[in-house]
Amino acid sequence: MDTGNNFGLTSTYLPEHIMAIRLSIAALCGAVIGFEREVRTAEAGLRTHILVSVAAALFTILAFEIFHTIDPSTGSQADPIRAVEAVTAGIAFLGAGAIFRDGGGVQGLTTGAGMWLAGAVGVACALGFYTLAAGTTILALIVLAALRAIAHRVIGKKAEEDRLGRDESGRAT
C-alpha cells in the first residue's frame, strides 16, 4: 500500500530528492545573480532573483511531471515547451515592471534582464542542466560586475570629456 497517496501525495516521474536538488541549485544560482544586484542597490535583489529562479524551476518541473502523467494511448498530446514559454512570458512581465523611465534615461533595464536570466537559469536547473546553469551564472557575474566596472570607467571618462568640452585627445572643443 502506498502511504503517500493516502495523504494526497502523487507519485512522480522524477524522484523527489532530484526535484529538491534541482530547486536548491536554482535557488543558489538565483542567489548569486541576485547578490550582485543587491550589492548594486538595484530594485530587485537577492530575494527577488531567488524567487524568480526557483519559481521558474518549479513551473518547469511541474510541466514535465504533467507531461509524464498523460497516457499516450489516449491520443492526447502534451507539449511541455508551452509551459516553458509561459514561464518565460511571466518572468518577462516581472522584468518589465522593474524598468521605468527617469527623465531622459531608462532605469532598471539591467535588473529586468537579470530577473529574466535568473528565470532561464531556473529552467535549466529544473531540466537537470546544472553545468549550463552554473556556467550561465558565472557569465552573468562577469557581465554584471566586471563589465560594469569597465563600462563605467570608459563611459565615465567620455561623460567627463563631454562635460568639460574636450575631444578624445584632451583638446578643448
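So, from the N terminus on, the order of elements is α-α-α-α-β-β-α-α, which makes 6 helices and 2 strands in the chain. Those are DSSP runs numbered from the N terminus, with helices being H or I of at least four residues and strands being E of at least two. Before I go on: this is a predicted model, where local features need pLDDT of at least 70, side-chain atom pairs count only at pLDDT 80 or more, and totals for chains, interfaces and linings use all residues. Residues are numbered from 1 along each chain as its sequence is written, and side-chain values use heavy atoms, with hydrogens and water left out.

Okay, the overall picture. The chain has 173 residues, and 28% of them count as buried. Buried is under 20% relative accessible area, exposed is over 50%, and partly exposed is in between, with a 1.4 Å probe and protein chains only. Taking contacts with a separation of 6 or more, 61% come from residues 24 or more positions apart.

Now the inside. Which residues touch the most other members of the largest nonpolar core? That would be Cys 29, Ile 33, Val 121, Cys 125 and Ala 133, out of 14 residues. A core here is a set of buried Ala, Val, Leu, Ile, Met, Phe, Trp, Tyr and Cys residues joined through side-chain atoms within 4.5 Å. At least two residues of this core come from each of helix 2 (16-39), helix 3 (46-69), helix 5 (109-126) and helix 6. There's also a second, separate core of 9 residues, and Ala 56, Val 84, Ala 98 and Val 123 are among them.

Take Ile 33. Leaving aside neighbours within four places in sequence, Ile 33 is in contact with residues including His 49, Gly 114, Val 121, Thr 137 and Leu 144.

Staying in helix 2, look at Ala 31. Ala 31 counts as buried because its relative accessibility is 18%. Beyond its neighbours within four places, Ala 31 contacts Leu 46 and Ile 50. And its C-alpha is 6.3 Å from that of His 49, 18 residues apart along the chain.

On to helix 3. Its 24 residues should span 34 Å at 1.5 Å a residue, and the end C-alpha atoms are 35 Å apart, so that agrees. The expected span is 1.5 Å times one less than the number of residues. Buried residues of helix 3 include His 49, Ser 53, Ala 56, Thr 60 and Glu 65, and what covers the buried set includes helix 2, helix 4 (80-97) and helix 5. Thr 60 has 2% relative accessibility, so Thr 60 counts as buried. Again leaving out neighbours within four places, the contacts of Thr 60 are Val 84, Val 123, Ala 126 and Leu 127.

Helix 5 has 18 residues and reaches 26 Å from first C-alpha to last, close to the expected 26 Å. Its buried residues include Thr 111, Gly 114, Val 121 and Cys 125. After helix 5 comes Gly 128, with a positive phi near 90 degrees.

Where is Val 143 found? In helix 6, residues 130-164. Val 143 is partly exposed, because its relative accessible area is 42%.

Note on methods:
Contact means heavy atoms within 4.5 Å.
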